[in-house]
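Hello! Here are my notes for you to read beside the model, as a few numbered points.

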Amino acid sequence: VQLQASGGGLVQAGGSLRLSCAASGGTVSRHFMGWFRQAPGKEREFVAVISWSGGSTFYANSVKGRFTISRDNAKDTVYLQMNSLKPEDTAVYHCAAGTAGWSRESGYDYWGQGTQVTVSS
């Protein structure tokens, strides 16, 4: 399975972006899907995760109330709607598919290459 993230870009603080992550070469309809991010000089951190059915979601405290994760299993695609963006949200955002671990990186089997999000103040 290959994951391709897209939708990143440059946005002003307070703006919005919608990231997409499309799977190919197989289905991820039975995987939970997560988003992680890595800022320059920092370790990669968990952002959000959604269950395979879409019925359960979980967010990092830093993005709760501003970001929304969703998925379309018919399209093997997961989305991350990011609103009220802050400069500290600047990072490379990676999507991943897993079967164990939920918010832990070790639980993910497949990773996308990442898309850059830059929020200017």
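1. Strands here are DSSP runs of E with at least two residues, helices are runs of H or I with at least four residues, and both are numbered from the N terminus. Strands β7 and β8 run antiparallel and are joined by six bridges. Two strands count as paired if DSSP finds at least two bridges between them.

2. A word on what you are looking at: this is a predicted model, in which local features need pLDDT of at least 70 and side-chain atom pairs count only at pLDDT 80 or more, while totals for chains, interfaces and linings use all residues. Residues are numbered from 1 along each chain as its sequence is written, and side-chain values use heavy atoms, with hydrogens and water left out.

3. Now the sheet around that pair. Four strands make an open sheet in the order β1-β3-β8-β7, with antiparallel pairing. The edges are taken by β1 (2-6) and β7, each with a single partner strand, so one side of each has no neighbour in the sheet. From one strand to the next, the twist averages 15° (axes are lines fitted to C-alpha atoms, for helices over the stretch in contact, and angles run from 0 to 180 degrees between N-to-C directions). As background, strands of a sheet pair through backbone hydrogen bonds, either parallel or antiparallel.

4. Which cysteines form a disulfide? Cys21 and Cys95 do, with their sulfur atoms 2.0 Å apart; the criterion is a pair of cysteine sulfur atoms within 2.5 Å. Searching the whole structure gives one disulfide. Cys21 belongs to strand β3 (residues 17-24) and Cys95 to strand β9 (residues 91-98), so the pair ties together parts 74 residues apart in sequence. The torsion about their S-S bond is about 65°, so the disulfide of Cys21 and Cys95 is right-handed. Both cysteines, Cys21 and Cys95, are buried (buried is under 20% relative accessible area, exposed over 50%, partly exposed in between, using a 1.4 Å probe and protein chains only).

5. Asp76 has a phi near 50°, a positive value in a residue other than glycine. Asp76 sits in the loop between β7 (67-72) and β8 (77-82) and is buried, at a relative accessible area of 15%.

6. Ser84 is found in the loop between β8 and β9. Is Ser84 buried or partly exposed? Ser84 is partly exposed, with a relative accessible area of 40%.
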